[in-house]
Amino acid sequence: MKVPLLDLKAQYRTIKEEIDKKLIAVAESQYFILGKEVQELEKTIAEYINCKFAVGVSSGTDALLIALMAVDIKPGDEVIIPTYSFFSTAGVVARLNATPVFTDVDPVTFNMLPSDIEKKITKKTKALIPVHLYGQSAEMDEINAIAKKHNLFVIEDGAQAIGVDYKDGRRAGTLGHIGCFSFFPSKNLGCFGDGGMVTTNDEELYNKLKILRVHGSKPKYYHKIIGGNFRLDEIQAAVLNVKFPHLDKWSEKRRQNANLYTELFIKSGLATKEGLTDYSEKVLLPKPVYKSDKLKNYHIYNQYVIRVKNRDKLRDFLKEKEIGNEVYYPVPFHRQECFTYLNCQDSDYPVSNDASENSIALPIYPELTNEQISFVVDSIKQFLG
Ligand SMILES: *Cc1c(COP(=O)(O)O)cnc(C)c1O
């Protein structure tokens with residue numbers, strides 16, 4: 001049985017008619033830049049996460065970049081981020097000639113470790129970028145308390161976390177000063193290329209983000225500040241407007257798939273419970289730490305990530321069985337060649353090192369069948385059991 005890591009064609013088939021109609025409508029209109037589709041999407045996302053303002057941008061990476069520009073990150077400033085994330089989170093900081101400073105991550109959620117932040121704060125620290133990794137919120141109350149105490153901006157990297165609820169139901173993207181989202185095709189809400197969104201409740205930041213999106217011009221051709229071309233295309237917004245009404249259903253299906261994986265891993269005897277970290281069992285299962293009866297999107301499972309010893313041999317085995325899998329992420333930032341100039345101490349990041357060496361993401365996309373999930377777990381049992 002073939003189990004791809006992701007099957008975008010399966011999703012497209014379910015909404016093909018609507019999507020195709022919309023694509024043709026955009027073609028007929030020949031209106032491609034900052035029109036009604038982008039406006040509609042901005043309104044939709046702002047309402048969905050319960051936030052005052054949203055600005056469509058060209059990618060999740062550009063969302064992070066424009067957010068840092070909006071809070072005036074300058075050369076020499078320091079920005080504290082987790083060392084375990086997609087490269088963008090670090091890249092955007094370095095591209096502004098600011099210095100990324102890394103924390104380790106929590107051993108259960110793989111999110112920024114709050115207890116690591118304060119020891120990294122210096123006079124140069126200007127901002128924190130917590131990442132809501134795999135689709136579960138970072139520990140934002142603790143992070144915000146530290147930020148407030150030291151007068152720092154909080155930029156949320158919510159690229160994997162559209163619609164995610166935190167504790168009391170406040171949503172990712174409204175918990176810091178600016179929220180950043182990605183519509184890369186593999187995210188829970190993905191377009192037909194690159195796209196992103198920044199969100200904020202601060203009107204001043206909102207106005208600045210809109211100006212930065214169009215090269216810093218206001219009025220047109222007059223520049224008080226320097227921005228870039230950070231626009232979201234109409235055609236991408238149109239695709240997202242068609243897909244959005246399905247988002248909650250898709251995230252729910254991912255959650256059901258995750259629950260089934262967890263149930264089957266426990267039944268198989270490879271694990272006994274979620275969130276263990278000490279390799280006392282063959283498979284370490286992810287744990288949704290904010291799970292409660294009151295929250296729907298306590299986790300949206302952009303990824304379902306387990307940890308095993310012998311990860312790379314398991315990957316070879318799964319590949320032979322045609323079971324898709326991936327490692328997010330094999331090299332934490334402090335081990336990246338491009339950041340050797342930061343002289344990081346490898347032993348400061350034990351959890352991230354462990355995660356990068358032993359974690360493996362399994363197929364979790366909404367259209368996955370229960371039979372496929374069983375086959376994945378059976379195959380892993382065959383290898384480890
Ligand atoms: C996908 C992702 C990004 C970058 O988004 P793009 O749209 O691909 O530029 C940033 N941070 C994290 C955590 C991501 O998963």
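Predicted model: local features only at pLDDT ≥ 70, side-chain atom pairs only at ≥ 80, totals over all residues.
Reader: What makes Cys-344 buried, exposed or partly exposed?

Author: Its relative accessibility is 28%. Buried would need under 20%, and exposed over 50%. Cys-344 therefore counts as partly exposed.

Reader: And Cys-51: how far is its closest cysteine sulfur?

Author: That sulfur is in Cys-180, at 11 Å, again too far for a bond. Cys-51 itself has a relative accessible area of 10%, so it is buried. The disulfide count comes to zero.

Reader: What makes Tyr-12 and Phe-192 an aromatic pair, and of which kind?

Author: A search of the whole structure finds 19 aromatic pairs. In this one, the ring centres of Tyr-12 and Phe-192 are 6.1 Å apart. The limit is 6.5 Å, so they pair.

Reader: Why is the pair Tyr-328 and Tyr-329 given its label?

Author: The planes stand at 65° and the centres are 5.5 Å apart, so this pair is edge-to-face. Both Tyr-328 and Tyr-329 are buried. They also belong to an aromatic cluster with Tyr-84, Phe-86, Phe-110 and Tyr-134.

Reader: How do you know that the charged end of Arg-255 sits over the ring of Tyr-298?

Author: It is 5.7 Å from the ring centre. The distance limit is 6 Å, and the charge must also be within 35 degrees of the ring normal. Lys-309 lies over the face of Tyr-279, 4.3 Å from the ring centre.

Reader: Why is strand E1 called largely enclosed?

Author: Five of the five residues of E1 (53–57) are buried, so the rest of the structure largely encloses the strand. Phe-53, Val-55 and Val-57 point one way, Ala-54 and Gly-56 the other. In a regular strand, side chains alternate between the two faces of the sheet.

Reader: How do you know that E1 and E9 pair?

Author: They share five bridges, in the antiparallel sense. At least two are needed, so they pair. Ala-54 stands opposite Thr-199 in E9.

Reader: What makes helix H8 mostly covered?

Author: Nine of its 10 residues, numbered within 234–243, are buried. Among them are Val-239, Leu-240 and Val-242. The buried residues of H8 pack against H1, helix H2 (36–49) and helix H9 (247–267).

Reader: What does the side chain of Ser-59 reach?

Author: It reaches the backbone nitrogen of Asp-62 at 2.9 Å. The Ser-59 side chain also reaches the backbone nitrogen of Thr-61, at 3.3 Å. A polar contact must be within 3.5 Å.

Definitions and conventions:
Residues numbered from 1 in each chain as written. Heavy atoms only, no water. Phe/Tyr/Trp six-rings, centres within 6.5 Å; stacked < 30°, edge-to-face > 60°. Buried < 20%, exposed > 50% of the residue type's maximum accessible area, 1.4 Å probe, protein only. Disulfide = S-S within 2.5 Å. Helix = DSSP H or I, 4+ residues; strand = E, 2+ residues; numbered from the N terminus. Contact = heavy atoms within 4.5 Å. Polar contact = N/O pair within 3.5 Å; in protein donor to acceptor, adjacent residues only side chain to side chain.
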